[in-house]
Amino acid sequence: MDIFEKVVNNLGPLGQFADAGYGYYYFPKLEGEISNRMYFRGKPVLVWSLNNYLGLANHPEVRKADADAAEKFGMAAPMGARMMSGQTKYHEQLEQELAAFEKKESAFLLNYGYMGMVSIIDSLLDRHDVVVYDSESHACILDGLRLHLGKRFVYPHNNMERFESQLMHAQKAANQSGGGILVITEGVFGMPGDLGNLKGMLQFKEKYGFRLLVDDAHGFGTMGNAGAGTSQEQDVMDEVDIYFGTFAKAMAGIGGFVASEKRIIKSLAFKMRSQIFAKSLPMPMVIGALKRLDLIRTHPELRDKLWIIVHALQKGLRDKGFDIGKTQSPVTPVFLKGGVGEATQVVADLRENYGIFCSVVIYPVVPKGVIMLRLIPTASHTLEDVKVTIDAFSEIRTKLSEGKYSTGGIPDVADKY
Ligand SMILES: Cc1ncc(COP(=O)(O)O)c(C=O)c1O
């Protein structure tokens, strides 16, 4: 079998409509400055699909810090991996400030959250260790686990009964192998928007003797009274053993970090292959992240603004009878009934006729017959944006129930541009 023959005939679960949807449903180009209002195929759209939670992407101080750092250092500096030649006082300063913000002894920067998370998991475990993890874990957790040679036990999303029964299996397995137990969860689950039940999980910590690793990509900067994340929201900052955050969402940057005890960070710094064998984060990313962190700490009104929009959007949708699941975070899923063909037409109608750009999730990510539209409110949205969107969604829902979208497959929009 020729590898090329095989890959061109199998584009994977996301690639089934690759040709028909290219540039529209897949790889759409949003143009203009990052904000609530951008352009899609030359037309203005109200955007609900960017994780620019605090509106920092275009904050004037952020833009200036990024530009000044790029001017002073260029994009190349520092050269090499941290361990070899890519260390700077700015990287160290950012790590110290992140550790203090997360109330941990120490922190280490990661070039891209995804790569970092894979390596955190890989570095913590050997084949004797056992992992217990949530069934709706992000790809970076699943891919980290692909490197794990020992046992793993998955529990249904946030199901604490099954969590405990999997802990029992894990304890037995760990006793046999002589390893330890690592529990991994997300802080905010990025698709449904509900929170990992950190508090509930931690009740079992002593009994089963595990360590808890929390991927808080969506919670860092948005959750907790100071924006320190889901562990702060649930008042368990001390009990979370390893905290992971990304700069790609609330910070509107690139990179991420891991925070924990000093001895653990020291070990990770010498073991995380994606960091040891890859170039250090460029200086503008690091200096830009220092500025963003400073704004998160000193401008709580950005978070207040975010939550005003979140509450207005979620309450407004619920009041109109929309099913938005169990979200407890800004992530706002809207569940509608319909097939894949209808989903594509709903999205096209929203974009072309209502000027609303949001992400859509279809089978197999959600069950057959379910369309999930996913809205990400941010501090850059307005209450008027919320109103316009809820009105549009109400009309869309009526059309959907009247069968107005069931006329066929994917509308011919991909080659209109
Ligand atoms: C839960 C979760 N973890 C990790 C990541 C990866 O972060 P990054 O974009 O920094 O690689 C994401 C981003 O989608 C995420 O949602």
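Q: Which loop does Arg 41 lie in?
A: Arg 41 sits in the loop between E2 and strand E3 (43-47). Helices (H or I, at least four residues) and strands (E, at least two) are DSSP runs, numbered from the N terminus. Residues are numbered from 1 along each chain as its sequence is written. This is a predicted model: local features need pLDDT of at least 70, side-chain atom pairs count only at pLDDT 80 or more, and totals for chains, interfaces and linings use all residues.

Q: And what phi does Arg 41 have?
A: A positive one of about 55 degrees, although Arg 41 is not a glycine. Most residues other than glycine have a negative phi.

Q: Why is Arg 41 classed as partly exposed?
A: Because 16 other C-beta atoms lie within 10 Å. Buried takes 20 or more other C-beta atoms within 10 Å of a residue's own, exposed 12 or fewer, and partly exposed is in between, with C-beta atoms placed from the backbone.

Q: OK, prolines. Which residue does a cis peptide bond join to Pro 78?
A: Ala 77, with omega at about -10 degrees. Pro 78 is in the loop between helix H3 (60-73) and helix H4 (89-101).

Q: What's omega from Tyr 363 to Pro 364?
A: That peptide bond is cis too, with omega near 15 degrees.
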